[in-house]
Every structure is written in structure tokens, then in C-alpha cells.
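Q: Please take a close look at the charged side chains of this protein and how they pair. Then place them in the fold around them.

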Amino acid sequence: QVQLVESGGGLVQPGGSLRLSCAASGSIFSIYNMGWYRQAPGKQRELVASITSGGRTNYGDSVKGRFNISRDNAKNTVYVQIDSLKPEDTAVYYCNADTLAAGMGMEYWGKGTLVTVSS
């Protein structure tokens, strides 16, 4: 089992910046990929960014150039730095972890943190 706790969401003005954090606990040794997804009202959940245990990153097309994902292995935490925020970035941001143990893959989700971009 893996537990994910997000933090860092809130209300920010357009053009501002925010850093979201996702702290993992539990069977963290089994995690091979972590990422951030977001879901805006009335829309499907979409990939924001992901990072593998080896440090390889991947970004959703809509956020390339403004989002930066990183990880602190000592703290078992993944971050996403969001710059030049736009109103369309308003969404609930979810942390995701993919695990593999004993040949079985699992997927875990956090409860989400709300980001609201508004003046």
C-alpha cells in the first residue's frame, strides 16, 4: 500500500506561481513512477507531469514550458512547480503513483489539492 498526500494548492492570481507537493509513504520501494494529473470542472482528468524513479520526466502538452516536476528521494516527495498560471489551470490536482511488486502493478491516487487561478 502507498499513501499519497498532496499540499500546496490555493488561490493565486494569473501570472503567479505555485509549488505543489506530494508526500508518499508506505511501500515506497515499489514506486517506479509518480505524477501529477488535474481535473477541471466538466473535463476529464489529464496528465500534467510525471517522473520515473530514474528521473525521466514527461509533460502534458498543455503545460509544457510552464510546469516543472522534480523529486526529493530523501523526503519521498514529488513536486511540481507551476509558473505563469492561467485561469484555465484551475483544477483539482491529483498525485499519482505507479508501483510494481511481486509482479503485480498497482496505481494509487491522492485526494487532490485545489488550485484556483483568479484575479
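**Salt bridges and their setting**

A: The structure contains four salt bridges. Keep in mind that this is a predicted model. In general, side chains of opposite charge can pair when their charged atoms come close.

Start with R38 and E46. Their side chains form a salt bridge, with N and O 2.7 Å apart. The two residues differ in cover. R38 is buried, at a relative accessible area of 6%. E46 is partly exposed, at 31% relative accessibility.

D89 is buried, and its relative accessible area is 0%. A salt bridge also joins D89 to R66, where the closest N and O atoms are 2.8 Å apart. R66 lies in the loop between β6 (57–59) and β7 (67–72), and D89 in the loop between β8 and β9, so this pair ties together parts that are 23 residues apart in sequence. R66 and D89 are both buried.

Now put the pairs together. Which residues do the shared partners join into one network? The answer is R38, E46, R66 and D89. D89 bridges to R66.

A salt bridge needs a side-chain nitrogen of Lys or Arg within 4 Å of a carboxyl oxygen. D98 belongs to strand β9, residues 91–101. What does D98 touch, beyond residues up to four places away in sequence? Its contacts are S30, I31, Y32, N33, M106 and E107.

Next, the fold that holds these residues. The protein has eleven strands and zero helices. From the N terminus on, its elements run β-β-β-β-β-β-β-β-β-β-β. Of its 119 residues, 40% count as buried. R38 is among the buried residues, and so is D89.

Contacts reach across the sequence too. Among contacts with a separation of 6 or more, 53% are between residues 24 or more positions apart.

I69 gives a view from another strand. I69 lies in β7 and is buried, at 4% relative accessibility. Leaving aside neighbours within four places in sequence, I69 contacts M34, G35, W36, A49, S50, I51, T57, Y59, V78, Y79 and V80. Take M34 from that list. I69 and M34 are 35 residues apart in sequence, and their C-alpha atoms are 9.8 Å apart in space.

The loops hold two backbone points to check. S84 is in the loop between β8 and β9. Its phi is near 50°, a positive value in a residue other than glycine. S84 is partly exposed, at 42% relative accessibility.

A102 is not a glycine, but has a positive phi of about 55°. A102 is exposed, at 87% relative accessibility.

The C-alpha trace spans about 50 × 25 × 25 Å along its principal axes. The radius of gyration is 14 Å, which agrees with the value near 14 Å for a compact globule with 119 residues. The accessible surface comes to about 6400 Å², and 49% of it belongs to carbon and sulfur atoms.

Note on methods:
Residues are numbered from 1 along each chain as its sequence is written. This is a predicted model: local features need pLDDT of at least 70, side-chain atom pairs count only at pLDDT 80 or more; totals for chains, interfaces and linings use all residues. Side-chain values use heavy atoms; hydrogens and water are left out. Helices (H or I, at least four residues) and strands (E, at least two) are DSSP runs, numbered from the N terminus. Contact means heavy atoms within 4.5 Å. Buried means under 20% relative accessible area, exposed over 50%, partly exposed in between (1.4 Å probe, protein chains only). The radius of gyration is taken over C-alpha atoms; the globule rule is 2.2 Å times the number of residues to the power 0.38. Accessible areas come from the Shrake-Rupley method with a 1.4 Å probe; for residues, only the protein chains shown count as cover.
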